[in-house]
Amino acid sequence: MPEEREPEQSEQQSEQPSGPQSEPGSEQPEETPVDSPTGWVAAHIRRYDRSGGKEGAKWYGLDTLLLTTRGRKSGKLRRTAVIYGRDGDNVVVVGSNGGKPEHPLWYLNLVASPEAHVQIGEEHLDVRARTATAEEKPDLWKLMTGLFPQYKSYQKKTTREIPVVILEPVEP
């Protein structure tokens with residue numbers, strides 16, 4: 001699933017799906033994330049979000065999650081859909097950006113601020129992201145290319161090393 005760039009001010013959509021609701025008794029409403037400006041990705045996110053994860057967790061047969069990061073420049077919550085795999089309790093994602101020369105913005109956001117949130121189906125997890133080490137990457141790359149072989153051709157298209165990201169669950 002191609003990752004996308006953060007929207008510019010003029011690209012922000014007028015209709016955003018509702019984000020998670022505030023806890024009863026909390027003082028401030030929870031911030032609503034800004035979703036991908038890419039039309040089909042935004043539609044996928046809306047379907048996933050509005051169904052509470054009952055729809056959209058599969059994309060052409062692939063497991064997908066909703067990843068919410070903090071924009072490193074804007075400071076706003078940013079949400080996108082990403083293919084994922086599991087390595088024990090950890091969630092694994094790939095910053096392929098379709099083989100483009102630059103990293104996906106969600107990855108750059110995680111490097112700047114590794115605390116994030118994922119929704120996997122109906123499950124919500126707070127996570128801390130880290131890029132797989134050189135020792136960890138071969139096994140995780142094999143896992144992820146087994147799920148989505150296209151990652152191999154994306155790596156061939158670019159001179160940058162495509163990062164594999166480990167999302168480790170943390171207590172809220």
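This is a predicted model: local features need pLDDT of at least 70, side-chain atom pairs count only at pLDDT 80 or more; totals for chains, interfaces and linings use all residues.
Visitor: What is the chain made of, in terms of helices and strands?
Guide: Welcome! The chain has four helices and nine strands. Along the sequence they come in the order β-α-β-β-β-β-β-α-β-β-α-α-β. Of the 172 residues, 47% count as buried.

Visitor: What makes the contact between Arg79 and Asp35 a salt bridge?
Guide: A salt bridge needs a side-chain nitrogen of Lys or Arg within 4 Å of a carboxyl oxygen of Asp or Glu. The closest N and O atoms of Arg79 and Asp35 are 2.7 Å apart, so the pair meets the cut-off of 4 Å. The two residues come from distant parts of the chain, with Arg79 in strand β4 (residues 77–83) and Asp35 in strand β1 (residues 34–35), 44 residues apart. The structure holds 10 salt bridges.

Visitor: Why are Arg79 and Asp35 called buried?
Guide: Buried means under 20% relative accessible area. Arg79 has 5% relative accessibility, so Arg79 counts as buried. Asp35 has a relative accessible area of 3%, so Asp35 is buried as well.

Visitor: Which other residue joins Arg79 and Asp35 in a network of salt bridges?
Guide: Asp49 is linked with Asp35 and Arg79 in that network. The side chains of Arg79 and Asp49 meet at 3.4 Å, N to O. This pair also links distant parts of the chain, as Arg79 is in strand β4 and Asp49 in helix α1 (residues 39–50), 30 residues apart. At 14% relative accessibility, Asp49 falls under the 20% limit and therefore counts as buried.

Visitor: Why are Arg86 and Glu123 called partly exposed?
Guide: Partly exposed covers the range between the buried limit of 20% and the exposed limit of 50%. Arg86 has 35% relative accessibility, so Arg86 belongs in that range. Glu123, at 36%, therefore counts as partly exposed too.

Visitor: What makes β7 and β8 a pair of strands?
Guide: Two strands pair if there are at least two bridges between them. Six bridges join β7 to β8, so they pair, and they run antiparallel. For instance, the bridge partner of His117 in β8 is Asp126. The two strands form a hairpin with two residues between them, and Gly121 in the turn has a positive phi of about 60 degrees.

Visitor: How do you know that strand β3 pairs with strand β7?
Guide: Three bridges join β3 (residues 62–70) to β7 (residues 115–120), and at least two are needed, so the strands pair. They run antiparallel, and Leu66 stands opposite Gln119 in β7.

Visitor: Why are the rings of Trp141 and Tyr151 called a tilted pair?
Guide: The structure has seven aromatic pairs. In this one the ring centres are 6.3 Å apart and the planes stand at 40 degrees. The limit for the centres is 6.5 Å, so the rings pair; stacked planes would be under 30 degrees apart and edge-to-face planes over 60, so the angle here makes the pair tilted. Both Trp141 and Tyr151 are buried.

Visitor: What makes you say that the charged end of Lys137 sits over the ring of Trp141?
Guide: The charged end of Lys137 is 5.4 Å from the ring centre of Trp141 and sits over the ring.

Visitor: Why is Ala57 called partly exposed?
Guide: Ala57 has a relative accessible area of 22%, which is not under the 20% limit for buried and not over 50%, so Ala57 is partly exposed. Ala57 is found in the loop between α1 and β2 (58–59). Leaving aside its neighbours within four places in sequence, its contacts are Tyr48, Leu62, Asp63, Thr64 and Gly121.

Conventions: Residues are numbered from 1 along each chain as its sequence is written. Side-chain values use heavy atoms; hydrogens and water are left out. Buried means under 20% relative accessible area, exposed over 50%, partly exposed in between (1.4 Å probe, protein chains only). Rings of Phe, Tyr and Trp (its six-membered ring) pair if their centres lie within 6.5 Å; planes under 30 degrees apart count as stacked, over 60 as edge-to-face and the rest as tilted. A charge sits over a ring if NZ of Lys or CZ of Arg is within 6 Å of the ring centre and within 35 degrees of the ring normal. Contact means heavy atoms within 4.5 Å.
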